Amino acid sequence: MTPDSDGLLHDPGVRATMRAFAAGDRTLTLEAAAAVRSASQAVDRLRAQGAGGRGLSAGALDLLARLSVAADEGLSIGDLARAAGVSSRNVTGLVDTLERDGLAQRVQDRHDRRSVRARITPAGSDWLEAFRQPTQRAMSAVFRGFTEDELAQLRHLCLRLVENQHRIEQYLADVQPDQPAS
């Protein structure tokens, strides 16, 4: 599959499948979704290669980056979960991984002895710095030929997708389970 001049997939099999799925010829939104998914997967594959086989998942990397800009006392599991848009249970597992690798540590909350916070370790900061430069070079290569305006527009459009998805989630959470969505 290769992108056509509009950046959409033009593989006849993909288009036929999308037409059948959409029950018609109006497949542009499905093609756009497929293109976004493909681009996301391509960036994730490149990120994974940049991790140099160090075994850090995208979720763990995200938490490590969040911890790197947090105050010295770190962040609570709940704060990390909300910021990352995942469950506290998921964050707990990711912090376990980071802690096992010596990249983060759990510390007791100074204000609430029942709470635990996570913070980056010096080894975690070093790992992130070693990851940063090759990643910046790789992302520059992936976005080669894009103008500043195109990059800003792409960022804006992707964030609009995220906002729409959040609105849908909120709507679905607000709808009573025994009432059909209208």
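Helix 4, residues 77-84, and helix 5, residues 88-100, pack at an angle of about 110°, and their axes lie 8 Å apart. Here the axes are lines fitted to C-alpha atoms, for helices over the stretch in contact, and angles run from 0 to 180 degrees between N-to-C directions. The two helices, helix 4 and helix 5, are therefore roughly perpendicular to each other, a description that covers angles of 65 to 115 degrees.

Which residues make this meeting? From helix 4 come Ile77, Gly78, Leu80 and Ala81, and they meet Ser88, Val91, Thr92 and Val95 of helix 5. Contact means heavy atoms within 4.5 Å. The residues of this contact divide into five nonpolar, three polar and no charged. In this scheme Ala, Val, Leu, Ile, Met, Phe, Trp, Tyr, Cys and Pro count as nonpolar, Asp, Glu, Lys and Arg as charged, and the others, Gly among them, as polar.

Before I continue, please note that this is a predicted model, in which local features need pLDDT of at least 70, side-chain atom pairs count only at pLDDT 80 or more, and totals for chains, interfaces and linings use all residues. Residues are numbered from 1 along each chain as its sequence is written, and side-chain values use heavy atoms, with hydrogens and water left out.

Let us turn to the protein as a whole. Its secondary structure comes to seven helices and three strands, in the order α-α-α-β-α-α-β-β-α-α along the sequence. Helices (H or I, at least four residues) and strands (E, at least two) are DSSP runs, numbered from the N terminus. Of the 182 residues, 23% count as buried; buried means under 20% relative accessible area, exposed over 50%, and partly exposed in between, with a 1.4 Å probe and protein chains only.

What lies in the largest nonpolar core? This core has 20 residues, and those with the most contacts inside it are Leu56, Leu64, Leu98 and Trp127. Such a core is a set of buried Ala, Val, Leu, Ile, Met, Phe, Trp, Tyr and Cys residues joined through side-chain atoms within 4.5 Å. Helix 3 (58-68), helix 4, helix 5, strand 3 (116-120) and helix 6 (122-142) each supply at least two of its residues. Helix 3 gives the largest share, five residues.

At 38% relative accessibility, Ala123 counts as partly exposed. Leaving aside neighbours within four places in sequence, Ala123 is in contact with Gly102 and Leu103. The C-alpha atoms of Ala123 and Leu103 are separated by 5.4 Å, although these residues stand 20 residues apart along the chain.

Note on methods: Angles under 35 degrees count as roughly parallel, over 145 as roughly antiparallel, 65 to 115 as roughly perpendicular and the rest as oblique.
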